[in-house]
Amino acid sequence: MLDWLIIGGGLHGTTIHGALTRVDSGFTIRVVDPFDTPCYSWFKRTDACAMRMMRSPAAHTALEDFTGLMRFARNEGYDLGQHTTPPYARPSTELFNRYLQTATTSHRLASDWLRGWAIDLRREDDAWTVSLDEGKTVRSRAVVLCVGRGHSHAADDQGLERPSWARTPSIVHVFDPGFDRARLERSRRPVIIGGGTTALHLALHLGNASRPCTVVTRHPLRCAQFDSDPCYIGPKCMRGFIETTDPEERRRMIDAARNPGTVPPDLLAHVRDAERETAIRVTVDTVERVEGAREGDSASLSLVGRDTTFDADQVCVATGFADSVPAATLLARAAASVHPDRCARYDSRGIPVPGKTLEWLPGLYLSGILAEQELGPSAPNIIGAQNAAKRLTSAICGRVRPIPSAWRRYASIR
Ligand SMILES: Cc1cc2nc3c(=O)[nH]c(=O)nc-3n(C[C@H](O)[C@H](O)[C@H](O)COP(=O)(O)OP(=O)(O)OC[C@H]3O[C@@H](n4cnc5c(N)ncnc54)[C@H](O)[C@@H]3O)c2cc1C
């Protein structure tokens with residue numbers, strides 16, 4: 001019997017694993033994940049869209065040491081003029097990923113790693129029984145769900161947002177497990193669908209004056225420094241959020257604070273420069289259907305929009321994640337296995353409503369977007385992993401700290 005089983009070994013799962021081992025090195029823990037190495041999806045996705053700079057500050061990493069990344073950069077001789085950008089010294093993805101690789105390379109994490117998919121979760125005799133694919137079962141006193149977004153055991157449903165006309169093998173999603181960026185790099189007329197950071201990083205990578213990349217977005221490009229209001233990272237807004245007890249009122253606060261489909265000002269400036277250099281063409285239109293098909297490595301496609309038709313030999317949708325609840329089946333099975341008196345709470349969007357310690361059912365804890373009803377709008381982000389880890393470890397230490405306060409102490413990174 002384990003003390004803790006963490007389902008999902010991404011940025012959230014590995015952050016929480018590190019925090020639990022630092023609180024008590026005697027805990028028996030396993031991290032179950034379908035990939036061989038920690039944060040595989042993060043590395044894969046940032047590489048897929050050729051993301052150059054992080055959107056979050058250098059202080060937001062998978063370790064509680066908020067100054068560690070900058071120390072690492074200096075020790076490793078990184079040119080900080082090239083590898084950070086204001087405000088808050090946002091690091092280059094190259095620097096962040098090298099630091100993340102170092103931070104998640106530990107004997108303890110390697111020996112606690114368990115490869116597999118959790119397909120069932122049941123409360124039995126005051127502990128959790130977790131069934132993995134390929135027939136294995138694991139018993140644990142406590143489970144933390146860190147499943148991220150856009151993953152599914154079923155090959156036909158990866159939880160990715162994909163327009164209905166794009167559900168054809170001729171068209172790839174940038175977060176498809178089999179996405180091959182090299183194919184787009186060989187393309188002569190690439191078209192990217194989407195107007196957020198992923199789409200624009202990819203377009204900047206692909207486009208040049210002799211091979212412009214077309215970006216088709218449903219809305220004019222929208223600018224915001226962060227993907228949610230940073231006020232909710234600290235006590236200023238989190239105090240009011242925590243004092244609000246109605247899940248629907250919290251839901252309204254979360255939705256109002258989020259900035260989906262926006263890009264930070266520096267990325268927007270790069271795109272405008274690239275437009276002037278005719279490396280990128282941004283068109284506001286809504287594609288309604290696609291004509292043509294793929295032949296081998298190439299294709300001759302026409303995307304028929306409301307106003308324009310776009311010819312392409314490669315089309316990639318970069319429209320993010322579906323609005324569905326991650327791991328909904330696991331949540332439903334877990335809820336069905338507990339005593340009916342301990343009824344599982346959800347908000348109107350089907351997101352669980354956990355308690356202050358992030359415990360949703362006895363011994364079942366949440367992180368990421370599944371914990372947004374407690375952690376607020378930044379729950380899915382890197383800082384959300386830190387805040388989830390703090391809630392859990394402060395609860396283990398006997399005093400839950402729902403209002404994050406330490407961030408101010410770490411704010412200065414120079
Ligand atoms: C391109 C991109 C750029 C981003 N940039 C930033 C940024 O600059 N700053 C920021 O704060 N945030 C950013 N984010 C948002 C967020 O921080 C990342 O998505 C982050 O990777 C989320 O970590 P996670 O652990 O929740 O999820 P993931 O990284 O998706 O990891 C979840 C893991 O759980 C596994 N899993 C899922 N279900 C199961 C199951 N049933 N059994 C076993 N394993 C399972 C998955 O296979 C996966 O390995 C970005 C996201 C993307 C996609």
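This is a predicted model: local features need pLDDT of at least 70, side-chain atom pairs count only at pLDDT 80 or more; totals for chains, interfaces and linings use all residues.
Reader: Hey, how is the protein divided into domains?

Author: There's domain 1, covering 2–154 + 323–410, and domain 2, covering 164–224 + 260–317.

Reader: How many Å apart are the C-alpha centres of the two?

Author: The centres of domain 1 and domain 2 sit 31 Å apart.

Reader: And how many residues are in contact between them?

Author: Nine residues from domain 1 touch eleven from domain 2. On the domain 1 side, that set is made up of four nonpolar, two polar and three charged residues.

Reader: OK, switching to helices. What do the axes of helix 1 and helix 14 do?

Author: Helix 1 (residues 11–23) and helix 14 (residues 382–396) have axes that come within 9 Å and cross at roughly 30°. Angles under 35 degrees count as roughly parallel, so the two helices are roughly parallel to each other.

Reader: Is that crossing left-handed or right-handed?

Author: Right-handed, as helix 1 passes helix 14.

Reader: Which residues make the contact?

Author: From helix 1 you get L11, H12, T15, I16, A19 and V23. Helix 14 puts in I382, A385, Q386, A388, A389, L392, T393 and I396. By class, the contact has ten nonpolar and four polar residues, with no charged ones.

Reader: How many bridges join strand 10 to strand 18?

Author: Four, between residues 190–193 of strand 10 and residues 314–317 of strand 18, running parallel.

Reader: Last one: in which sense do strand 6 and strand 7 pair?

Author: Antiparallel, over six bridges, with strand 6 at residues 118–124 and strand 7 at residues 127–132. R123 faces W128 of strand 7 across that pairing.

Reader: And which residue takes a positive phi in that hairpin?

Author: D125, with phi near 50°; the hairpin has two residues between the strands.

Technical notes:
Residues are numbered from 1 along each chain as its sequence is written. Domain bounds come from an automatic or database domain assignment. Two residues are in contact if their C-beta atoms, placed from the backbone, lie within 7 Å. Ala, Val, Leu, Ile, Met, Phe, Trp, Tyr, Cys and Pro count as nonpolar, Asp, Glu, Lys and Arg as charged, and the others, Gly among them, as polar. Two strands pair if DSSP finds at least two bridges between them. Axes are lines fitted to C-alpha atoms, for helices over the stretch in contact, and angles run from 0 to 180 degrees between N-to-C directions. Angles under 35 degrees count as roughly parallel, over 145 as roughly antiparallel, 65 to 115 as roughly perpendicular and the rest as oblique. A crossing is left-handed if the near helix is turned anticlockwise from the far one by less than a right angle, and right-handed if clockwise.
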